[in-house]
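Here's a quick briefing on one protein chain. Have a look at the sequence and the 3D view, then work through the notes by topic.

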Amino acid sequence: MTPKLINKIELPLIGNENGDLSFCESGKSIPFEIKRVFYISNVRKDDKRGFHAHHKTKQVLFCIQGSALIKFDDGKNKDEILLDKQNIGVLIDSKVWHSMENFSEDLIMLVLASEYYDESDYIRNYQDFLDFVN
Ligand code: TYD
């Protein structure tokens, strides 16, 4: 069976009159040891990011504020998911070409990654990606 492209991760959402709280834990709700955290903000709605794959890095994305469309491509199949809830994330496996677009301008995207930053882990050319996975 082909692995699913979209693997949603749903975190607890504990809301009360003082706000909403969500949480995740390395190796538990996040299916890898978290070695790196980065976040993206101050986007314009026509901006697009990503357009790469990783040899090794796995990532989980959350839109902890605002929304974004996340697109996936494993070289054979394409899929996409709109992230618009602080407690719903999506796993981007290694060797999956991905991009982010349709940003809301209040977006704050939180990314949890399984590896330290290493430019040699990136595949930034789409044809190289197709050659690599096929
Ligand atoms: P990049 O991964 O290309 O961003 P996006 O896929 O969202 O368009 O990263 C943009 C720049 O930031 C690039 O010069 C690499 C640098 N960067 C780091 O130094 N460390 C990191 O952890 C990340 C994610 C990026």
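Does Glu 115 count as buried or exposed? With a relative accessibility of 16%, Glu 115 counts as buried, where buried means under 20% relative accessible area, exposed means over 50%, and partly exposed is in between (1.4 Å probe, protein chains only).

Before you go on, keep in mind that this is a predicted model: local features need pLDDT of at least 70, side-chain atom pairs count only at pLDDT 80 or more, and totals for chains, interfaces and linings use all residues. Residues are numbered from 1 along each chain as its sequence is written, and side-chain values use heavy atoms, with hydrogens and water left out.

**The chain as a whole**

- You'll find 1 helix and 12 strands here; helices (H or I, at least four residues) and strands (E, at least two) are DSSP runs, numbered from the N terminus.
- Starting at the N terminus, the order of elements is β-β-β-β-β-β-β-β-β-β-β-β-α.
- The radius of gyration, taken over C-alpha atoms, is 15 Å, close to the 14 Å that the globule rule (2.2 Å times the number of residues to the power 0.38) gives for 134 residues, so the chain is as compact as a globular protein of that length.
- The C-alpha trace spans about 50 × 35 × 30 Å along its principal axes.
- Out of 134 residues, 40% count as buried.
- The chain exposes about 8100 Å², and carbon and sulfur atoms supply 49% of that; accessible areas come from the Shrake-Rupley method with a 1.4 Å probe, and for residues only the protein chains shown count as cover.
- Take the contacts (heavy atoms within 4.5 Å) between residues at least 6 apart in sequence: 78% of them join residues at least 24 apart.

**An open sheet**

- Strands of a sheet pair through backbone hydrogen bonds, either parallel or antiparallel.
- Here, 5 strands make an open sheet in the order 1-9-6-11-4, with antiparallel pairing; two strands pair if DSSP finds at least two bridges between them.
- Strand 1 (7-10) and strand 4 (36-40) stand at the edges with a single partner strand each, so one side of each has no neighbour in the sheet.
- From one strand to the next, the twist averages 25°; axes are lines fitted to C-alpha atoms, for helices over the stretch in contact, and angles run from 0 to 180 degrees between N-to-C directions.
- Strand 1 and strand 9 (residues 88-92) run antiparallel and are joined by 4 bridges.
- Look for Asn 7, whose bridge partner in strand 9 is Leu 91.

**Salt bridges**

- Side chains of opposite charge can pair when their charged atoms come close.
- The whole structure has 10 salt bridges, each a side-chain nitrogen of Lys or Arg within 4 Å of a carboxyl oxygen of Asp or Glu.
- Back to Glu 115: this residue forms a salt bridge with Lys 35, with the closest N and O atoms 3.8 Å apart.
- That pair links distant parts of the chain, 80 residues apart: Glu 115 is in the loop between strand 11 (108-113) and strand 12 (122-123), and Lys 35 is in the loop between strand 3 (19-21) and strand 4.
- Lys 35 is partly exposed at 33% relative accessible area.
- Lys 71 forms a salt bridge with Glu 101, where the closest N and O atoms are 3.6 Å apart.
- Lys 71 lies in strand 7 (residues 68-73) and Glu 101 in strand 10 (residues 97-101), so this pair ties together parts that are 30 residues apart in sequence.
- Salt bridges that share partners join Lys 35, Lys 56 and Glu 115 into one network.
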